Amino acid sequence: MTPHEARRRFAAARVARLATADAGGRPHIVPITFAVDGDVVYSAVDAKPKRATALKRLANVAANPAVSLLVDHYADDWNELWWVRADGTGRVVDPKEPEGVRALSLLADRYPRFASRGAVLAIDVRRWSGWAAAAATEQA
């Protein structure tokens, strides 16, 4: 799968899994809503019920900015299977700064029930990769 096709499939997905690790290397993975703007993926602390807005994923990115995101498609017809991974560097953006305002606008456009409640997470993607069963079958 080409990086362009991987980014296209990723951007069309509704949910991703964000993998971070703390300073000690302990992994943490959570599902996130997101928006793609070129080679940057945005997510934000939203208004869904949470214990706090100081989320572990934000603390992990501050301690260790290397992150991965994963989206996938499953079907009982295994010829339709695919996954895409975006590897990059995470950073926390103030929602009041221009980049944060733009990110929140993209998220609100994508998810009608979206409401911000905290910081924006920006991931600068350095590598888009993926696999699709159909492409693997064509190459065999």
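Tutor: Let us begin with residue classes. Ala, Val, Leu, Ile, Met, Phe, Trp, Tyr, Cys and Pro count as nonpolar, Asp, Glu, Lys and Arg as charged, and the others, Gly among them, as polar. Please note also that this is a predicted model.

Student: How many nonpolar, polar and charged residues does the lining of the largest cavity have?

Tutor: Seven nonpolar residues, one polar and one charged make up that lining. The residues concerned are Ile32, Ser43, Ala44, Val45, Leu55, Arg57, Leu58, Ala119 and Leu121. Two or more of the lining residues come from each of the elements β4 (40-46), α2 and β7 (116-132).

Student: Which element gives the largest share of the lining?

Tutor: Strand β4 does, with three residues. As for volume, the largest cavity has about 50 Å³, and the structure holds one cavity of 30 Å³ or more.

Student: What lies 2.9 Å from a polar atom of the side chain of Ser43?

Tutor: The backbone oxygen of Thr33 is at that distance. If residues up to four places away in sequence are not counted, Ser43 touches Ile32, Thr33, Leu107, Val120 and Leu121.

Student: Which residues of helix α2 are buried?

Tutor: In α2, which spans residues 56-63, the buried residues are Arg57, Leu58, Asn60 and Val61. They are on the same side of α2, because the arc they cover around the axis is only 160 degrees.

Student: Where is Asp22 found?

Tutor: Asp22 is in the loop between β1 (16-21) and β2 (27-32). With a relative accessible area of 11%, Asp22 is buried.

Student: Which backbone nitrogen does the side chain of Asp22 reach at 2.9 Å?

Tutor: That of Arg26. The backbone nitrogen of Gly24 also lies 2.9 Å from a polar atom of the Asp22 side chain.

Student: With which residues is Asp22 in contact, leaving aside its neighbours within four places in sequence?

Tutor: They are Lys56, Asn60 and Asn64. Asp22 and Asn60 stand 38 residues apart along the chain, yet 4.5 Å separates their C-alpha atoms.

Definitions and conventions:
Residues numbered from 1 in each chain as written. Predicted model: local features only at pLDDT ≥ 70, side-chain atom pairs only at ≥ 80, totals over all residues. Heavy atoms only, no water. Buried < 20%, exposed > 50% of the residue type's maximum accessible area, 1.4 Å probe, protein only. Helix = DSSP H or I, 4+ residues; strand = E, 2+ residues; numbered from the N terminus. Arc of directions from axis to C-beta. 1 Å grid on protein atoms, 1.4 Å probe; cavity = no way out; pocket = protein on both sides within 12 Å on 5 of 7 lines; lining within 4 Å. Points joined across faces, edges and corners; volume = space filled by probe spheres on them. Polar contact = N/O pair within 3.5 Å; in protein donor to acceptor, adjacent residues only side chain to side chain. Contact = heavy atoms within 4.5 Å.
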